[in-house]
Amino acid sequence: LFERLNLIKTIDMKKGRLITGLILGLMVSMAYGQELLPDQNPNYMNAAQKYAAQSAELTATQSTTIQDTYEAYDWREAKAEARALRLQRRHEIRTLRYMRPNGFGYYNRPFRGYGFNNWYGYGYNPHYNYINPLLGVGVGLGMYHLLH
Amino acid sequence: MKTLGFKLVFVAALAVFMQSCSRSVTRIDPDKEIDISGKWNDVDSKMTAEAMVEQILSELWLKNHMRDVKQKPVVIVGFVKNKSHEHIDAETFMKDIEKSFITSQKVRLVQGGEKREAIRGERADQQDNASVSTMKKWGLEVGADYMLQGSINSIVDALDRKKVVYYQIDLELTNIQTNEVVWIGDKKIKKFVKN
(Lines give C-alpha, C1' and ligand atoms only; values in the text may rest on other atoms or scores of the structure.)
Protein backbone atom coordinates (compact mmCIF):
# COMPACT_ATOMS: atom_id res chain seq x y z
CA LEU A 1 0.00 0.00 0.00
CA PHE A 2 2.82 2.37 0.92
CA GLU A 3 4.60 1.65 -2.30
CA ARG A 4 1.42 2.43 -4.27
CA LEU A 5 0.90 5.68 -2.37
CA ASN A 6 4.50 6.76 -3.05
CA LEU A 7 4.00 5.97 -6.72
CA ILE A 8 0.87 8.19 -6.82
CA LYS A 9 2.77 11.00 -5.06
CA THR A 10 5.62 10.79 -7.55
CA ILE A 11 3.20 10.91 -10.47
CA ASP A 12 1.41 13.97 -8.93
CA MET A 13 4.70 15.80 -8.41
CA LYS A 14 5.73 15.12 -11.97
CA LYS A 15 2.37 16.41 -13.22
CA GLY A 16 2.70 19.55 -11.06
CA ARG A 17 6.16 20.31 -12.40
CA LEU A 18 4.95 19.75 -15.93
CA ILE A 19 2.01 22.15 -15.50
CA THR A 20 4.21 24.83 -13.88
CA GLY A 21 6.75 24.49 -16.66
CA LEU A 22 4.05 24.78 -19.29
CA ILE A 23 2.59 27.93 -17.69
CA LEU A 24 6.03 29.55 -17.40
CA GLY A 25 6.87 28.65 -20.97
CA LEU A 26 3.58 30.11 -22.13
CA MET A 27 4.21 33.38 -20.25
CA VAL A 28 7.71 33.76 -21.63
CA SER A 29 6.57 32.98 -25.15
CA MET A 30 3.74 35.53 -24.77
CA ALA A 31 6.19 38.19 -23.59
CA TYR A 32 8.70 37.59 -26.34
CA GLY A 33 6.23 36.62 -28.94
CA GLN A 34 4.41 39.95 -28.58
CA GLU A 35 4.42 41.58 -31.93
CA LEU A 36 6.58 44.66 -32.22
CA LEU A 37 4.93 47.87 -33.20
CA PRO A 38 6.14 49.47 -36.42
CA ASP A 39 9.66 50.83 -35.88
CA GLN A 40 9.78 49.60 -32.27
CA ASN A 41 13.22 48.62 -31.07
CA PRO A 42 13.35 44.82 -30.63
CA ASN A 43 15.57 45.24 -27.57
CA TYR A 44 12.98 47.25 -25.69
CA MET A 45 12.74 44.57 -23.00
CA ASN A 46 16.28 45.41 -21.80
CA ALA A 47 15.28 48.97 -21.03
CA ALA A 48 11.94 47.90 -19.57
CA GLN A 49 13.64 45.52 -17.12
CA LYS A 50 16.30 48.07 -16.21
CA TYR A 51 13.86 50.88 -15.42
CA ALA A 52 11.22 48.67 -13.82
CA ALA A 53 13.74 47.86 -11.10
CA GLN A 54 14.30 51.52 -10.21
CA SER A 55 10.94 53.12 -10.99
CA ALA A 56 10.15 53.84 -7.32
CA GLU A 57 13.42 55.68 -6.88
CA LEU A 58 13.00 57.63 -10.12
CA THR A 59 9.48 58.79 -9.35
CA ALA A 60 10.12 59.75 -5.72
CA THR A 61 10.95 63.36 -6.62
CA GLN A 62 7.78 63.95 -8.61
CA SER A 63 5.93 67.13 -7.61
CA THR A 64 8.85 68.28 -5.45
CA THR A 65 11.53 70.94 -5.72
CA ILE A 66 15.07 69.63 -5.68
CA GLN A 67 17.23 72.22 -3.94
CA ASP A 68 20.59 72.52 -5.67
CA THR A 69 21.40 76.09 -4.68
CA TYR A 70 24.69 77.97 -4.75
CA GLU A 71 25.95 80.76 -2.53
CA ALA A 72 26.00 84.26 -3.99
CA TYR A 73 27.62 87.35 -2.50
CA ASP A 74 25.27 89.57 -0.55
CA TRP A 75 26.59 92.76 1.04
CA ARG A 76 24.22 92.69 4.02
CA GLU A 77 24.69 89.01 4.70
CA ALA A 78 28.47 89.33 4.40
CA LYS A 79 28.42 92.21 6.88
CA ALA A 80 26.22 90.31 9.33
CA GLU A 81 28.43 87.22 9.05
CA ALA A 82 31.59 89.27 9.65
CA ARG A 83 30.00 90.86 12.71
CA ALA A 84 28.91 87.49 14.09
CA LEU A 85 32.40 86.12 13.54
CA ARG A 86 33.98 89.13 15.26
CA LEU A 87 31.70 88.76 18.28
CA GLN A 88 32.36 85.05 18.50
CA ARG A 89 36.11 85.62 18.37
CA ARG A 90 35.92 88.28 21.05
CA HIS A 91 33.86 85.95 23.21
CA GLU A 92 36.35 83.12 22.73
CA ILE A 93 39.31 85.38 23.66
CA ARG A 94 37.46 86.54 26.78
CA THR A 95 36.62 82.96 27.75
CA LEU A 96 40.24 81.88 27.30
CA ARG A 97 41.43 84.79 29.43
CA TYR A 98 39.07 83.83 32.25
CA MET A 99 40.09 80.17 32.01
CA ARG A 100 43.79 80.91 32.69
CA PRO A 101 44.86 79.06 35.89
CA ASN A 102 46.57 81.97 37.68
CA GLY A 103 45.29 84.73 35.56
CA PHE A 104 42.28 86.96 35.71
CA GLY A 105 38.79 86.08 36.76
CA TYR A 106 38.42 84.37 40.06
CA TYR A 107 34.69 83.96 39.91
CA ASN A 108 34.34 82.87 36.33
CA ARG A 109 36.57 79.84 36.52
CA PRO A 110 34.98 76.45 35.96
CA PHE A 111 36.48 75.30 39.29
CA ARG A 112 37.19 77.76 42.03
CA GLY A 113 38.70 75.46 44.63
CA TYR A 114 37.78 75.47 48.29
CA GLY A 115 38.42 78.32 50.72
CA PHE A 116 41.14 80.88 50.47
CA ASN A 117 44.02 78.44 50.20
CA ASN A 118 42.95 76.76 46.98
CA TRP A 119 45.64 75.88 44.52
CA TYR A 120 44.52 78.47 42.03
CA GLY A 121 46.00 81.20 44.26
CA TYR A 122 44.73 84.74 44.43
CA GLY A 123 44.15 86.26 41.10
CA TYR A 124 42.85 89.63 40.13
CA ASN A 125 39.09 89.69 40.18
CA PRO A 126 37.69 92.04 37.55
CA HIS A 127 34.31 92.07 39.30
CA TYR A 128 35.72 92.95 42.72
CA ASN A 129 35.34 96.70 42.33
CA TYR A 130 32.47 96.52 39.93
CA ILE A 131 29.75 99.11 40.54
CA ASN A 132 26.48 98.81 38.72
CA PRO A 133 25.92 102.09 36.75
CA LEU A 134 22.20 101.89 37.53
CA LEU A 135 23.09 102.10 41.22
CA GLY A 136 24.95 105.34 40.54
CA VAL A 137 21.98 106.74 38.66
CA GLY A 138 19.68 105.76 41.52
CA VAL A 139 21.92 107.34 44.13
CA GLY A 140 22.20 110.49 42.01
CA LEU A 141 18.45 110.78 41.64
CA GLY A 142 17.97 110.19 45.38
CA MET A 143 20.50 112.89 46.21
CA TYR A 144 18.82 115.27 43.80
CA HIS A 145 15.45 114.62 45.44
CA LEU A 146 16.87 115.18 48.91
CA LEU A 147 18.65 118.41 48.04
CA HIS A 148 15.76 120.01 46.16
CA MET B 1 6.41 122.82 37.99
CA LYS B 2 9.63 120.88 37.89
CA THR B 3 7.92 117.77 39.28
CA LEU B 4 5.26 118.00 36.61
CA GLY B 5 7.93 118.28 33.94
CA PHE B 6 9.71 115.20 35.28
CA LYS B 7 6.44 113.28 35.36
CA LEU B 8 5.69 114.21 31.77
CA VAL B 9 9.15 113.15 30.63
CA PHE B 10 8.78 109.89 32.56
CA VAL B 11 5.36 109.14 31.05
CA ALA B 12 6.63 109.97 27.55
CA ALA B 13 9.69 107.76 28.00
CA LEU B 14 7.48 104.93 29.28
CA ALA B 15 5.14 105.32 26.30
CA VAL B 16 8.06 105.17 23.86
CA PHE B 17 9.41 102.09 25.65
CA MET B 18 6.03 100.34 25.60
CA GLN B 19 5.56 101.18 21.93
CA SER B 20 8.93 99.74 21.00
CA CYS B 21 8.08 96.46 22.74
CA SER B 22 4.63 95.97 21.19
CA ARG B 23 4.10 93.80 18.09
CA SER B 24 1.70 94.75 15.38
CA VAL B 25 0.05 92.33 12.93
CA THR B 26 -2.12 93.50 10.08
CA ARG B 27 -3.96 91.41 7.51
CA ILE B 28 -3.26 92.62 4.01
CA ASP B 29 -4.49 91.77 0.53
CA PRO B 30 -2.55 88.75 -0.84
CA ASP B 31 -2.39 90.54 -4.19
CA LYS B 32 -0.60 93.55 -2.71
CA GLU B 33 2.98 93.74 -3.91
CA ILE B 34 5.45 94.19 -1.06
CA ASP B 35 9.21 93.77 -1.49
CA ILE B 36 11.30 93.85 1.67
CA SER B 37 14.63 92.10 1.23
CA GLY B 38 14.77 91.83 -2.54
CA LYS B 39 14.79 88.05 -2.37
CA TRP B 40 12.37 85.74 -4.17
CA ASN B 41 8.91 86.31 -2.75
CA ASP B 42 5.20 85.78 -3.34
CA VAL B 43 5.07 88.45 -6.05
CA ASP B 44 7.66 86.58 -8.13
CA SER B 45 5.84 83.31 -7.62
CA LYS B 46 2.56 84.86 -8.70
CA MET B 47 4.11 86.46 -11.78
CA THR B 48 5.67 83.13 -12.75
CA ALA B 49 2.39 81.25 -12.31
CA GLU B 50 0.43 83.76 -14.40
CA ALA B 51 2.96 83.72 -17.24
CA MET B 52 3.21 79.93 -17.29
CA VAL B 53 -0.53 79.34 -17.17
CA GLU B 54 -1.06 81.69 -20.07
CA GLN B 55 1.66 80.04 -22.15
CA ILE B 56 0.87 76.40 -21.42
CA LEU B 57 -2.84 76.66 -22.13
CA SER B 58 -2.57 78.71 -25.30
CA GLU B 59 0.30 77.22 -27.25
CA LEU B 60 0.40 74.76 -30.11
CA TRP B 61 1.13 71.54 -28.25
CA LEU B 62 -2.44 71.41 -26.94
CA LYS B 63 -4.00 71.87 -30.38
CA ASN B 64 -1.62 69.34 -31.92
CA HIS B 65 -2.48 66.77 -29.27
CA MET B 66 -6.21 67.28 -29.72
CA ARG B 67 -5.80 66.97 -33.49
CA ASP B 68 -3.73 63.75 -33.29
CA VAL B 69 -5.24 61.95 -30.30
CA LYS B 70 -8.71 63.51 -30.17
CA GLN B 71 -8.66 63.33 -26.39
CA LYS B 72 -7.58 65.74 -23.70
CA PRO B 73 -3.90 65.32 -22.81
CA VAL B 74 -3.02 63.78 -19.45
CA VAL B 75 -0.17 65.45 -17.59
CA ILE B 76 1.88 64.38 -14.59
CA VAL B 77 4.06 66.86 -12.70
CA GLY B 78 7.68 65.83 -12.32
CA PHE B 79 10.37 67.63 -10.33
CA VAL B 80 11.52 71.22 -10.48
CA LYS B 81 15.22 71.73 -9.85
CA ASN B 82 16.15 74.90 -8.02
CA LYS B 83 19.65 75.83 -9.17
CA SER B 84 19.41 79.44 -8.05
CA HIS B 85 21.20 81.08 -5.10
CA GLU B 86 18.09 81.15 -2.91
CA HIS B 87 15.83 78.59 -1.36
CA ILE B 88 12.76 78.58 -3.58
CA ASP B 89 9.88 76.18 -3.34
CA ALA B 90 8.34 75.76 -6.76
CA GLU B 91 5.14 74.32 -5.35
CA THR B 92 3.68 77.81 -4.92
CA PHE B 93 3.53 78.41 -8.67
CA MET B 94 3.29 74.77 -9.78
CA LYS B 95 0.04 74.41 -7.84
CA ASP B 96 -1.38 77.42 -9.67
CA ILE B 97 -0.52 75.77 -12.98
CA GLU B 98 -2.07 72.46 -11.90
CA LYS B 99 -5.17 74.30 -10.77
CA SER B 100 -5.45 75.97 -14.16
CA PHE B 101 -5.44 72.54 -15.85
CA ILE B 102 -8.44 71.48 -13.84
CA THR B 103 -10.39 74.74 -13.94
CA SER B 104 -9.85 75.24 -17.68
CA GLN B 105 -10.89 71.61 -18.39
CA LYS B 106 -8.35 71.54 -21.21
CA VAL B 107 -5.81 69.23 -19.62
CA ARG B 108 -6.26 66.20 -17.36
CA LEU B 109 -3.94 65.86 -14.40
CA VAL B 110 -2.74 62.71 -12.65
CA GLN B 111 -1.12 62.48 -9.27
CA GLY B 112 2.55 61.63 -8.85
CA GLY B 113 5.20 61.26 -6.17
CA GLU B 114 4.32 60.92 -2.49
CA LYS B 115 0.65 61.66 -2.99
CA ARG B 116 0.30 58.89 -5.55
CA GLU B 117 2.01 56.51 -3.13
CA ALA B 118 -0.54 57.49 -0.49
CA ILE B 119 -3.38 56.83 -2.94
CA ARG B 120 -1.97 53.41 -3.74
CA GLY B 121 -1.58 52.72 -0.05
CA GLU B 122 -5.24 53.52 0.50
CA ARG B 123 -6.19 51.26 -2.41
CA ALA B 124 -4.17 48.47 -0.86
CA ASP B 125 -5.91 49.05 2.45
CA GLN B 126 -9.30 48.84 0.76
CA GLN B 127 -8.51 45.33 -0.47
CA ASP B 128 -8.73 44.17 3.14
CA ASN B 129 -11.09 46.64 4.77
CA ALA B 130 -13.61 47.98 2.24
CA SER B 131 -16.76 46.21 1.12
CA VAL B 132 -16.45 44.33 -2.17
CA SER B 133 -18.81 46.69 -4.00
CA THR B 134 -16.82 49.82 -3.01
CA MET B 135 -13.31 48.37 -3.17
CA LYS B 136 -11.18 50.01 -5.87
CA LYS B 137 -9.32 47.84 -8.32
CA TRP B 138 -5.67 47.76 -9.28
CA GLY B 139 -4.41 48.48 -12.74
CA LEU B 140 -6.97 51.05 -13.78
CA GLU B 141 -5.04 54.27 -13.25
CA VAL B 142 -4.90 56.78 -16.09
CA GLY B 143 -1.49 56.82 -17.72
CA ALA B 144 0.00 60.26 -18.33
CA ASP B 145 0.80 61.41 -21.86
CA TYR B 146 3.17 64.17 -20.79
CA MET B 147 5.42 65.04 -17.88
CA LEU B 148 5.92 68.62 -16.73
CA GLN B 149 9.40 69.33 -15.40
CA GLY B 150 11.28 72.51 -14.64
CA SER B 151 14.28 74.38 -13.41
CA ILE B 152 15.02 77.67 -11.67
CA ASN B 153 18.28 79.44 -12.41
CA SER B 154 19.68 82.73 -11.22
CA ILE B 155 22.52 85.13 -11.93
CA VAL B 156 23.69 87.58 -9.28
CA ASP B 157 25.78 90.64 -10.02
CA ALA B 158 26.70 92.55 -6.87
CA LEU B 159 29.05 95.33 -5.89
CA ASP B 160 29.07 96.96 -2.47
CA ARG B 161 25.48 97.82 -1.67
CA LYS B 162 24.06 97.33 -5.16
CA LYS B 163 22.85 94.06 -6.57
CA VAL B 164 21.17 92.87 -9.73
CA VAL B 165 19.45 89.51 -9.51
CA TYR B 166 18.15 87.68 -12.54
CA TYR B 167 15.88 84.66 -12.25
CA GLN B 168 14.92 82.39 -15.09
CA ILE B 169 12.21 79.82 -14.55
CA ASP B 170 11.84 77.20 -17.27
CA LEU B 171 9.15 74.57 -17.54
CA GLU B 172 9.15 71.78 -20.08
CA LEU B 173 6.51 69.36 -21.21
CA THR B 174 7.78 66.06 -22.57
CA ASN B 175 5.86 63.34 -24.35
CA ILE B 176 6.34 60.22 -22.21
CA GLN B 177 5.95 57.86 -25.16
CA THR B 178 8.28 59.55 -27.60
CA ASN B 179 10.52 61.60 -25.24
CA GLU B 180 9.80 64.60 -27.43
CA VAL B 181 9.73 68.01 -25.76
CA VAL B 182 6.51 69.55 -26.97
CA TRP B 183 6.47 72.80 -25.03
CA ILE B 184 8.90 75.04 -23.14
CA GLY B 185 7.70 77.99 -21.16
CA ASP B 186 9.78 80.53 -19.32
CA LYS B 187 9.54 83.51 -17.06
CA LYS B 188 12.38 85.96 -16.56
CA ILE B 189 12.53 88.28 -13.60
CA LYS B 190 15.20 90.92 -13.09
CA LYS B 191 15.61 92.92 -9.89
CA PHE B 192 17.81 95.80 -8.89
CA VAL B 193 18.40 95.81 -5.14
CA LYS B 194 20.09 98.69 -3.34
CA ASN B 195 20.96 98.20 0.31
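What share of the 195 residues in chain B is buried? I began with that, keeping in mind that this is a predicted model. Buried residues come to 33% of chain B.

**Entry 1: the two chains**

I went through the secondary structure next. Chain B holds five helices and five strands, and from the N terminus its elements run α-α-α-β-α-β-α-β-β-β. Chain A has five helices and one strand, in the order α-α-α-β-α-α from the N terminus.

Of the 148 residues in chain A, 8% are buried. For contacts between residues at least 6 apart in sequence, I looked up how many join residues at least 24 apart: in chain A the share is 5%. In chain B, residues 24 or more positions apart account for 66% of the contacts with a separation of 6 or more.

**Entry 2: where A meets B**

Now to the interface. Chain A brings 18 residues to the contact and chain B brings 31 residues. The area buried between them is about 2100 Å², with carbon and sulfur atoms giving 47% of that area.

I turned to the polar side of the interface. I find 16 residue pairs in polar contact between chain A and chain B, counting pairs with both residues at pLDDT 80 or more. On the chain A side, the elements that give two or more residues to the contact are β1 (65–67) and α4 (75–99). By class, that side of chain A has six nonpolar, eight polar and four charged residues.

How many salt bridges cross the interface of chain A and chain B? There are two. One that I looked up joins the side chains of B:K39 and A:E77, at 3.0 Å from N to O.

**Entry 3: strands across the chains**

Three bridges join β1(A) to β1(B), residues 74–82 of chain B, and the two strands run parallel. Going residue by residue, I see A:T65 with B:V80 as its bridge partner, and A:I66 opposite B:K81.

Which strand within chain B is joined to β1(B) by three bridges? That is β2(B), residues 108–110, and this pair also runs parallel. Here B:V74 stands opposite B:R108.

Is β1(B) mostly covered or mostly open? I noted it as mostly covered, with seven of its nine residues buried.

**Entry 4: a look at B:M52**

My last stop was one residue of chain B. B:M52 sits in helix α2(B), residues 42–58. Is B:M52 buried or exposed? B:M52 counts as buried because its relative accessible area is 1%, and the cut-off for buried is under 20%.

I listed what surrounds B:M52, leaving aside neighbours within four places in sequence. The contacts of B:M52 are B:I97, B:I169, B:D170, B:L171, B:W183, B:G185, B:D186 and B:K187. I also checked B:D96, which is 44 residues from B:M52 along the chain; the C-alpha atoms of the two are separated by 9.2 Å.

How values were computed: Residues numbered from 1 in each chain as written. Chains lettered and ligands numbered in written order. Predicted model: local features only at pLDDT ≥ 70, side-chain atom pairs only at ≥ 80, totals over all residues. Heavy atoms only, no water. Contact = heavy atoms within 4.5 Å. Buried area = accessible area lost by both parts, 1.4 Å probe. Salt bridge = Lys/Arg side-chain N within 4 Å of Asp/Glu carboxyl O. Polar contact = N/O pair within 3.5 Å; in protein donor to acceptor, adjacent residues only side chain to side chain. Helix = DSSP H or I, 4+ residues; strand = E, 2+ residues; numbered from the N terminus. Nonpolar A, V, L, I, M, F, W, Y, C, P; charged D, E, K, R; others polar. Pairing = 2+ DSSP bridges. Buried < 20%, exposed > 50% of the residue type's maximum accessible area, 1.4 Å probe, protein only.
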